[in-house]
Structures are given as structure tokens and as C-alpha cells.
Amino acid sequence: MPSKRSTAAASPAASSSPSTTTATTTTAAASTPKLSSGPKTLSTNSSAFEIAQHVWQQYLTSTPQRTKMLDAFMGFLALIGAVQFLYCVLAGNYPFNAFLSGFSASVGQFVLTASLRMQTTNGGSGSGSGSASSGKAAGKGKSGGKFMNESGEEGISHERAFADFVFGSLILHFFCINFIN
Amino acid sequence: MADSPVDALLKGSSGRTTRGMLRIIILAIIAAAAVSSRLFSVIRFESIIHEFDPWFNFRATKYLVQHGFHSFWDWFDDRTWHPLGRVTGGTLYPGLMVTSGVIYHILRFLTIPVDIRNICVLLAPAFSGLTAFAMYLLTCEMTVSPSAGLLAAAFMGITPGYISRSVAGSYDNEAIAIFLLVFTFYLWIKAVKNGSIMWGALTALFYGYMVSAWGGYVFITNLIPLHVFVLLCMGRYSSRLYISYTTWYALGTLASMQIPFVGFLPIRNSDHMSALGIFGLIQLVAFADFVRGFIPGKQFQRLLTTMIILVAAVAFLGLVLLSASGVIAPWSGRFYSLWDTGYAKIHIPIIASVSEHQPTAWPAFFFDLNFLIWLFPAGVYMCFRELHDEHVFVIIYSVLASYFAGVMVRLMLTLTPIVCVAAAVALSTIIDTYVLTTPGPLPRAKSSVESSSDGLRSTRGPVVGITSYVSKAIVTVSVAIYLLLFVAHCTWVTSNAYSSPSVVLASRLPDGSQFIIDDYREAYYWLRQNTPENAKIMSWWDYGYQIGGMADRPTLVDNNTWNNTHIATVGKAMSSPEEVSYPILRQHDVDYVLVVFGGLLGYSGDDINKFLWMVRIAEGIWPDEIKERDFFTARGEYRVDDEAAPAMRNSLMYKMSYHNFHSLFQPGQAMDRVRGSRLPAEGPQLSTLEEAYTSENWIIRIYKVKDLDNLGRSHNNAVSFDRGQKRKRATKRKGPRVLRTE
């Protein structure tokens with residue numbers, strides 16, 4: 001039951017955001033024709049929607065189960081945040097403190113979860129942000145042994161990432177509860 | 001972290017521990033020097049709170065210690081801004097008071113009974129020691145050379161630009177805020193480097209503390225997003241950046257909203273919108289990066305950059321639209337005055353009237369920073385040469401802070417940390433380059449510089465033609481001389497310019513002995529002793545906090561200038577003739593009026609010199625009744641002597657300042673030593689006020705507002721009748737006799 005709901009929650013978010021990116025890609029392609037070759041190399045002359053579907057398929061196949069759970073949680077948080085925001089727009093923002101703390105709790109938790117996801121997938125398959133980590137390694141390679149050491153330290157421990165996550169969440173919810181009146 | 005692995009690798013672990021020990025000792029010595037160089041004022045005068053704002057902070061701290069935290073939070077102060085009152089708990093930055101309250105209670109718990117006043121006086125020096133330490137940490141993040149950190153700490157400890165706000169007794173928000181600023185930046189750099197939630201959360205916590213301590217937190221609120229934005233534009237997005245920024249923003253915004261004074265500002269005020277915009281932007285970028293993992297394509301980087309620029313443009317347009325339509329509150333006035341230096345003068349005289357909001361004079365840079373100011377660009381250049389994420393931060397910070405420091409004197413304070421960082425980087429590079437690039441051993445030169453700069457680093461740089469003894473000796477000696485000059489300059493500036501409490505004045509008699517002028521406290525103490533508990537004192541707002549703190553009497557306006565109209569009312573009362581002023585005084589229940597007058601002593605910071613600001617502020621509200629032009633002579637001069645403009649001579653302020661002043665001198669010899677002008681032989685006549693007290697050197701004059709006349713006469717009539725009565729006393733005998741005959 002929860003898995004179904006979460007996939008349902010995750011899919012609109014995923015499908016809506018590619019549409020924005022595709023919109024920008026089309027505008028970018030219109031403005032600078034050089035760039036149009038970028039995304040289209042993947043499948044020649046495929047429409048934006050097909051690219052999005054391709055991305056979605058690849059996501060479904062390549063992501064490990066754990067990370068999918070995190071994604072589902074993030075989608076759920078985004079849904080909660082959207083509902084709260086809608087309520088605020090439609091029904092007025094009377095208990096403004098309560099709305100703010102609820103909304104920022106969901107946003108903050110979303111962000112923290114995203115950070116946790118990045119940190120945990122960094123050391124793993126590296127499909128999501130492999131390029132980012134490689135860029136980081138390149139950036140750090142120049143600066144000498146000290147930074148190499150730190151990046152190695154950061155990369156390894158999932159436990160550390162989770163502990164950080166818990167620490168951040170504790171602070172977040174403490175502030176929210178304090179703020180909610 | 002301070003012991004960089006490079007050193008350990010090259011020198012072996014035994015040398016490493018020794019060096020770590022040395023470093024700790026040196027830092028401790030720096031902190032001690034930082035603390036002790038701020039104690040001039042305590043030694044020279046006494047342990048006293050300085051200036052104006054600190055008196056309010058002191059009073060609030062006393063309230064906090066006496067009544068506890070909760071009643072402090074809900075404090076409604078009916079003894080200021082009479083008759084409005086002030087919701088003090090909701091309109092102050094509580095960080096400073098809470099900090100000293102906590103220290104007080106800890107010391108009490110440790111059974112060390114220390115007076116709260118002494119804690120308040122010594123808080124700023126204590127925190128400056130911590131600032132030096134935070135500076136060391138921050139600089140160590142910027143460079144691998146540990147000598148730079150120690151140099152920066154030493155600079156920060158004694159540079160006058162920072163001492164100006166943190167001498168003992170200057171119990172102001174900046175006292176702890178600069179430490180928090182530096183430390184928050186350190187944590188932020190750490191977070192960006194490590195990309196861990198923990199550092200981001202710590203940054204947010206210290207940011208929250210900073211928000212609770214100083215309104216200057218807006219600087220952080222805008223600097224960090226700008227740093228992130230520049231990094232994004234440079235195509236340096238990484239998960240580390242995402243993690244640290246989003247964690248900081250989500251937690252930091254919530255933390256800042258806990259402070260009642262800040263409240264909903266972070267989502268309403270334009271000052272904070274850039275942070276929100278970057279937050280949204282980095283979400284988009286992160287998503288794009290995420291999608292990129294699935295799409296092969298080398299041009300994605302460029303696509304990303306285009307997307308960033310597009311979205312930024314859209315967000316900026318949206319921000320402009322929202323600001324224009326009034327959903328988001330417009331930029332605050334102080335902010336406008338940062339961009340347009342003439343803005344405040346035209347629109348908000350109350351902001352322009354504060355001396356620390358004036359633009360900086362250029363010698364002030366050298367005065368406050370000495371030789372750091374010319375090492376500063378070199379240090380920024382060093383940052384360009386490496387240009388990691390943290391160096392980008394230094395560059396952005398230095399550019400912004402240089403601009404702001406040029407606009408407002410007070411913001412020199414935010415420039416000082418980055419100048420120390422950059423100068424230390426530059427200087428340590430010089431030292432390292434010249435002294436340590438030894439192919440062969442040069443023990444003597446090496447040890448001499450070690451002791452002067454505390455630096456020790458072996459660079460593996462190429463051997464160039466600077467290894468000769470001569471060049472080394474020249475550079476070493478000149479650097480040492482510059483450092484010594486810097487120390488001498490700092491000591492001189494601190495002891496001469498920044499250590500005066502301004503509550504107690506010191507001057508030198510012709511024979512060289514010190515002469516203490518203590519008129520302020522004398523007069524405030526007179527008020528405390530001789531007036532009823534609830535007597536309302538009217539004065540110009542500069543003295544509101546001092547009256548509240550030292551005399552403990554209700555005031556009409558004070559340095560928390562939240563209500564411009566009320567201040568303008570006081571300005572109007574001061575600048576109008578008596579007939580107009582008296583009803584205003586009666587309406588506001590004023591019992592005593594206090595003016596500061598320096599004419600006898602030559603004390604230039606008195607009310608007549610501030611008078612034009614009162615007129616301007618009053619004119620802003622009542623342009624029909626008060627006109628600034630009327631207070632100048634026909635030739636546009638601001639005079640107080642015979643040729644003074646009629647509006648000037650009839651104004652209450654003029655009358656109160658010069659009341660009876662001529663009686664001190666020979667007839668016609670009355671001299672105002674501030675304005676350097678001879679006063680009219682006939683002094684002004686006051687009818688609605690009577691002189692209650694004048695301090696020893698006439699700096700403070702207190703007048704009592706007369707009650708309504710018993711016989712229903714106007715005060716003018718009553719006074720002239722009184723004066724006439726004395727003359728008629730001889731004829732008075734005839735009166736009853738006539739009556740009797742009739």
C-alpha cells in the first residue's frame with residue numbers, strides 16, 4: 001500500500017520536472033543551435049517526451065531498492081509540502097506559524113533526505129552524481145594531499161552520512177516544534 | 001586539521017607534536033594580547049559601560065538576570081518611549097544579553113560571584129580572544145601554510161578596525177557578532193569542503209546565534225547565496241555544495257525565524273530573497289545534474305549554464321514583480337542607503353543623522369587597518385591564483401565588504417576579518433617564499449623568521465634567484481619592521497582613539513595632569529536622586545538609553561529609533577518657540593528636559609551641533625511648521641551669536657542651552673567655545689521652564705517644566721508679572737492702603 005502510494009507520488013513529480021527541463025532545452029536549442037546536439041545524441045530525433053520516458057525507464061532499472069525508498073520518501077514529502085501550500089493558498093494562511101513550520105519541516109526534511117541520498121549514492125554505483133564526484137576529485141586533486149584525505153574520508157562511510165542526517169533532522173524538528181506555537 | 005599532513009610527512013611526528021604545542025601556546029598568547037589590549041579604558045578610567053547603545057544592552061541584561069528568561073522574552077517596557085512604551089522583548093536581538101546572562105549563571109553556579117556589570121564590561125574582550133581563534137581556523141582553511149593562520153589571528157586580535165567596537169565596556173551587539181560572523185564563515189567553508197550535513201547544520205546553528213545577536217546577519221544571508229551562485233555560474237556544482245547550502249538554508253531560516261524581532265522577515269523581506277532564490281535554483285540544478293546521469297552528452301555542461309541563467313532571469317523578474325506589487329516588503333531603508341549614499345539624506349534623515357552611517361573617509365582605512373590595507377589586494381590576488389571554492393568565497397567577500405565599508409563607517413567592521421585573512425595569506429606567502437626556499441640549510445635566517453612570524457613550512461617551490469643571503473635578510477628585516485610598526489600603531493590607536501568611554505571624558509590640564517570630566521554621571525545621578533520615580537525626561541534620542549540606564553527614569557525617545565514620528569515630535573518641541581513647545585511638553589507629561597551643552601568646555605558633541613538634525617527630522621513630519629531654512633541667517637550661516645536667525649533664537653533648544661550662560665562672564669564677554677562665537681549680552685529668557693540643575697562643567701543642563709499657573713495666567717505673563725512684582729514691591733504698600741481708604 002505505501003509503496004503504491006509513493007510511486008504514485010513520485011511519478012508526477014518526476015514527470016513534471018522533466019517537462020520543465022525539456023522546455024528549457026527547446027528554448028536553448030532555439031537560441032543556440034550548437035547545443036541541440038547534446039541531448040539528441042541519445043536517441044536520434046526523438047521528441048522531448050521520449051527522452052523523458054527514456055530517463056524514467058533508465059531510472060527504474062538502474063536505481064537500487066534502498067535509494068528508491070529514499071526517493072519515495074522524498075516524493076511523499078514533496079506531496080505533503082504541496083498540499084500544505086495549496087491549503088495556504090486556498091484557505092488562507094491564518095495560523096501562519098503553524099503553516100510555516102509545517103511547510104518548512106517538509107521542505108527541510110526533503111532537502112536533508114536528498115543530501116543523504118547524494119552521500120549514500122556517491123560511494124555506490126555513482127550513476128546519479130558520478131560526474132559530480134569526478135569533478136570534485138579533479139578539483140581536489142590539484143590542492144594536494146590534505147584534501148585528498150578528506151574526500152576519501154567523506155566517500156566511505158554511509159553510517160556517518162546517516163548520523164549527520166539524524167543530527168540535521170533533530171535540529172530541524174526541534175526548531176519546527178519550537179516555532180509551531 | 002591545523003597540523004597539515006604535509007608537514008607531518010616531511011618533518012616526522014615528533015616535530016609535529018612540538019609544533020602543535022607551540023601553535024596552541026602562540027594562539028593563547030595572541031588571545032591574551034587581544035584581551036589585554038582592550039583593557040586600556042578599564043585601567044585608565046574604570047569598569048564602566050561605554051557610549052549609548054551599550055547602556056540599553058546593560059539595562060536589558062540586568063532585567064534578564066533579575067526577572068528570568070521568560071519575562072525577558074515578554075518584556076513590555078513602559079519606561080521608554082513614553083507614552084507609547086516598547087515591546088522590548090520582541091524588538092531586540094537577544095543574543096548578547098542571553099550570552100552574558102548564561103555566563104553570569106555559570107559563574108554563579110561555580111560559586112564565583114561576579115557582578116553582572118563586570119561581565120558585561122569584559123564580554124567584548126573575551127569574545128575578541130575567541131575571534132582570534134576563529135580567525136585562525138578560517139585562515140587555515142584558505143591556505144596550507146599554518147603561519148598564515150597564526151598571522152591572521154594576530155592581526156585580528158589587535159587590528160584597530162575591530163578593537164573600535166570591542167574595547168572593554170563597549171557592550172554592544174558587535175562584541176559577540178564578529179566572532180559569530182567569522183566562525184559561521186569558517187563552518188560554512190568547512191561545510192562546502194566536506195559536503196556533510198553536520199557542518200551545514202552547525203553553520204545553521206551559528207547562523208541562528210548570529211541572527212539573535214546582530215542585525216548584520218543579513219550580510220551572511222546574502223554572502224553565502226552569492227558564493228553559491230558564483231560557484232554555480234562557474235560550473236562548479238557538486239553534491240557537496242548542494243548538501244551544505246540546502247542544509248544551511250533550511251535549518252538556518254527556521255533558526256532565524258525563532259527570534260521574535262526577525263519573525264517572518266526571512267520570507268517577506270527582499271533582503272532575504274536572494275537566499276530563497278538560490279535555494280530554488282540549486283534544487284533545479286541538482287535535478288538537472290541528476291537527470292544528466294541518464295543522458296549522455298558532453299554539451300550538458302553548457303546546457304546547464306544556460307538553464308541557470310534563464311531561471312535566474314525568471315526569478316529576478318518574479319522578484320521585481322512581487323516587490324513592485326507589494327507582496328514582498330520592499331528593501332529596508334538602511335539597505336537603500338547602502339546603494340545610494342544620498343538616499344538616506346533625502347528620504348530618511350533619522351538614518352543619515354547617525355554618525356556611524358556616514359560614508360567612510362579614506363584615511364580611516366589606513367587608520368583602522370594600517371599596513372594590512374595594502375597587503376589586502378595581494379592576498380586577494382593569491383586567492384585568484386589557486387581559486388578553489390573557498391578562495392572564491394574570499395574574493396566575493398572582499399569585494400562586497402570593501403564596497404560596504406566605503407559606504408558606511410560602521411561596516412568597516414565586516415571588512416576587517418577578510419582583510420586580516422587576505423593580508424595574512426599574502427604575508428605568509430612572502431615569508432615562505434623568501435625564507436624557506438632554501439636548497440641549502442640557512443639556519444639563522446630561518447630561526448629568526450620563525451620567531452617573528454611563527455611560520456614554518458617547507459614549500460617545494462622552484463629555486464629562483466632569491467635564495468641569497470642579502471635578499472633574505474632584506475625581506476625578513478622589512479617584514480619584521482612592518483609588523484613591529486603595525487603593533488605600535490595598533491597600540492597607539494587603541495589607547496588614544498578607541499578607549500574613551502564617552503560617558504566620562506578626560507582632558508589634560510596645562511601642567512599635564514589628567515582631568516576627568518564626569519558631568520554625565522553627575523547629572524544622571526542627580527536625576528536619580530532628586531526626581532520622582534516616574535518623572536518623564538525629555539531629551540534628544542541620543543541620551544535616551546543613558547537616562548534609562550543610569551538615571552532609571554522614563555524617557556520619551558531613545559536610541560532604538562523605531563518611531564520616527566515620536567522623535568520628530570521631540571525635535572519639534574526642541575526647535576519651536578516656547579509657546580508652541582509648552583503644549584507639546586504638557587501633552588507628553590514631560591517633567592524634565594535635558595540638554596547637552598558644550599559651550600563652556602568646548603565639547604563639540606553637544607545638542608546645538610546636533611540641532612540641525614532635530615530640525616530636519618521635525619521638518620520631515622511637519623514641513624509647514626518647521627523649516628530648516630529659517631534656522632540659518634540670510635546668508636545661509638548657522639550662527640548662535642547676535643546675528644542668529646530669529647527662529648534659532650526663539651527655539652527652546654537655544655534658550656535652554658544659553659540660559660543664564662552670560663552670567664558666567666563679564667558683561668558682553670560670553671563666549672561659546674565650541675562655535676567660537678561671542679554671544680549676545682542679553683541672555684535668552686525662559687518662561688515655561690525653570691532651571692533645575694546644571695552640572696559642574698555645564699555639559700548637562702536639566703530644566704523642570706513648570707506646572708500650569710495657579711491663577712490661570714500664561715507663563716509669559718506670570719514671568720513678567722514676577723519680574724514686575726519685584727520692581728513694584730515698593731509701590732505695593734500703597735495698594736492696600738488705597739484699598740483701605742476706599
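Strand E4 of chain B, residues 590-596, is a mostly covered element, with six of its seven residues buried. Keep in mind as you browse that this is a predicted model.

**Strand E4(B) and its partners**
- E4(B) pairs with strand E3 of chain B (residues 536-538) in the parallel sense, over three bridges.
- In that pairing, Ile537(B) has Tyr592(B) of E4(B) as its bridge partner.
- E4(B) also runs antiparallel to strand E8 of chain B (residues 700-705), and five bridges join the two.
- Within E8(B), Arg701(B) is the residue that stands opposite Val595(B).

**Helix H28(B)**
- Which residues of helix H28 (residues 578-587) of chain B are buried? They are Glu578(B), Ser581(B), Tyr582(B) and Leu585(B).
- These four lie on the same side of H28(B), because they cover an arc of only 105° around the axis.
- Pro583(B) and Gln587(B) are exposed, and they sit on the face of H28(B) turned away from its buried side.
- After H28(B) comes Asp589(B), which has a positive phi, near 60°.

**An annotated stretch of chain B**
- An unreviewed UniProt entry annotates residues 537-586 of chain B as "domain: STT3/PglB/AglB core".

**A helix pair in chain B**
- If you like to think in packing geometry, two packed helices are described by the angle between their axes and the distance between the axes.
- For helix H9 (residues 173-194) and helix H12 (residues 239-257) of chain B, the axes come within 7 Å and cross at roughly 140°.
- That angle makes H9(B) oblique to H12(B), since angles over 145 degrees would be needed to count as roughly antiparallel.
- On the H9(B) side, the residues that meet H12(B) are Trp188(B), Ala191(B), Val192(B) and Asn194(B).
- On the H12(B) side, Arg240(B), Leu241(B), Ser244(B) and Trp248(B) meet them.

**Chain A**
- How many helices and strands does chain A have? There are eight helices and zero strands.
- Its pattern along the sequence reads α-α-α-α-α-α-α-α.
- Of the 181 residues in chain A, 28% are buried.
- Among contacts in chain A with a separation of 6 or more, 69% are between residues 24 or more positions apart.

Methods: Residues numbered from 1 in each chain as written. Chains lettered and ligands numbered in written order. Predicted model: local features only at pLDDT ≥ 70, side-chain atom pairs only at ≥ 80, totals over all residues. Buried ≥ 20, exposed ≤ 12 C-beta atoms within 10 Å, placed from the backbone. Pairing = 2+ DSSP bridges. Arc of directions from axis to C-beta. UniProt positions renumbered as here; feature names shortened; annotations may be inferred. Axes fitted to C-alpha atoms, helices over the stretch in contact; angles between N-to-C directions. Parallel < 35°, antiparallel > 145°, perpendicular 65-115°, else oblique. Contact = placed C-beta atoms within 7 Å.
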